[in-house]
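Here are my notes on this one, for whenever you have it open.

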Amino acid sequence: MSTTPLDLNNIQGDILVGIPKKTQTYFFFAIQDTTLFRTALLALIPFIKTAAQAQADQKSIADHKLKGLTTLIPMTGTQIAFSNAGLTKLGITGVATPGVADPNSDPFLEGQFKDSKNIGDAGTGPGRDFVPAWDPAFGNANIHGVIFIGGSDHLTVDAELAKTKLILGLSVKEVIQIRGDTRPKDQSGHEHFGFLDGISNPTIIGFNDKNAPPGPKPVDRSVLLTGQPSTSNPGPAPVLVDGSFLAFRYLFQLVPEFNQFLKQNPINGDSELLGARMVGRWKSGAPIDVTPTQDNPDIGKDPQRNNNFFYSGELAKGDQTRCPYSAHTRKTNPRADFTEHGLADQLNQRRIMRRGIQFGPEVTTEEANNNRSINGRGLLFVCYQSDLTKGFQFIQKTWANNPGFLNTAVDSNLKPIQPGLDSIIGQNADQARGVVGTDPANPDGSLTIPRFIVPQGGEYFFSPSISALKNVIAH
Ligand code: HEM
């Protein structure tokens, strides 16, 4: 465990703190000329927001709100990250998953295109020739890096992006540009299915654990940051120090179809209850483990109560009455299912920092009336971790897509059961998605849920520290 103070001027702002954003543009690029790019990067580094600066931005927003002001303070935060293809093009070595001997098994080195079959995306072709059914922009090793700019409004972010593109000049070419926007009015902070998101992120020992609201135990910084000195590795490579791996996923959500499914499969007449039992929280954010039969928006918005649950009441009975094992939050962070079985350390290794944003318009009347998506909308999913094989890749593959997980799950007679896939993100190519326990009156019963999330691309990136950008990558 590291005890030296974190260098908040060295770590990019999104990883531990979060860039405040109402909107965010992702500019995915391919490097055209490495010499030009290094020069451009040196000029760009002063505009990359650090953790210390992101903290200052968050504080000015909080102070502004305390004064009762509702206007937006114009601000932006620029971040940069590189794929393995980008680092290779720049001749940078040494960024890889620790302990993975075969480069073909390292998600960062092989890239997400090659990993897509492994994480359950639909596509065609055998073995390593598999081609995911993605937007072609995310083709194999197409993307060398991403610059993403979050901020208060389109005008301010667009101006920052124009400045950035001017700095980059002909050193890169655009592969694809995607804009994310938080949803309007009372849906702000809610993802497109309607559920409040971004509640449960890890707190970090010695950084923000002191006054943290009650919830899962804080984790060591090395869960999120690479290259943290330890007794076994006192001198990590400079390129790794204070960096983080970033998993990006371009996830489309079939919202009218999801809503129709809930309407057609109410639990005891209640469609909202089915949705809540698929997610593990009500739309307000209130955890069903705390309030299992009806929503309680006061709990949903109260940080003292909205993350203070552990599925502990389920362990003795094992009947999934309060929360199905297949609920998204329980699959992706099984809390007491692990800690009560002596697996607290393992659980902590699997925490990820989620920083996504929604994209696409609200559902139109026509789409709602026909229960069919016409416009593309969904989540630009982003998460950080120090090791993709312990974080994103593991959670998606070994937990969400695995019908056998939790392997300690039992039915109402305490007999072992297969809980089924994660009701929201679980996927196995185009196969039907079976889940168990959505109906509390029939906790051992199963339900087949169509796919409502369609991955259209993604890549694994490395988000270097400011010093690594200056002294290694731009060098
Ligand atoms: C939590 C939605 C994709 C991992 C949540 C929550 C919602 C949600 C509503 C509860 C709010 C919260 O605790 O912050 C979605 C949707 C997705 C999606 C709609 C796709 C469009 C993913 C993916 C992963 C993931 C791809 C990782 C593989 C998590 C984790 C939590 C979470 C770790 C926190 C669980 C906890 O600590 O209780 N998600 N999510 N999500 N999600 Fe997702």
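1. First the convention: helices (H or I, at least four residues) and strands (E, at least two) are DSSP runs, numbered from the N terminus. On that scheme, His328 sits in helix 12 (residues 328-332).

2. Bear in mind that this is a predicted model, where local features need pLDDT of at least 70, side-chain atom pairs count only at pLDDT 80 or more, and totals for chains, interfaces and linings use all residues. Residues are numbered from 1 along each chain as its sequence is written, and side-chain values use heavy atoms, with hydrogens and water left out.

3. What does the protein give the ligand's iron atom? A single donor, NE2 of His328, 2.1 Å away. Donors here are N, O and S atoms within 2.8 Å of the metal (3.2 Å for Na, K and Ca); water is not among the atoms, so sites may look incomplete.

4. On to the rings: there are 29 aromatic pairs in the structure. Rings of Phe, Tyr and Trp (its six-membered ring) pair if their centres lie within 6.5 Å; planes under 30 degrees apart count as stacked, over 60 as edge-to-face and the rest as tilted. Tyr26 and Phe148 are stacked, because their ring centres are 5.3 Å apart and their planes at 10°. Since Tyr26 belongs to strand 1 (residues 23-31) and Phe148 to strand 5 (residues 145-151), the pair ties together parts 122 residues apart in sequence.

5. Buried or exposed, this Tyr26? Buried, at 2% relative accessibility, and Phe148 is buried too, at 1%. (Buried means under 20% relative accessible area, exposed over 50%, partly exposed in between; 1.4 Å probe, protein chains only.)

6. Ring pairs also join Tyr26 and Phe148 into a cluster whose members include Phe28, Phe138 and Tyr250.
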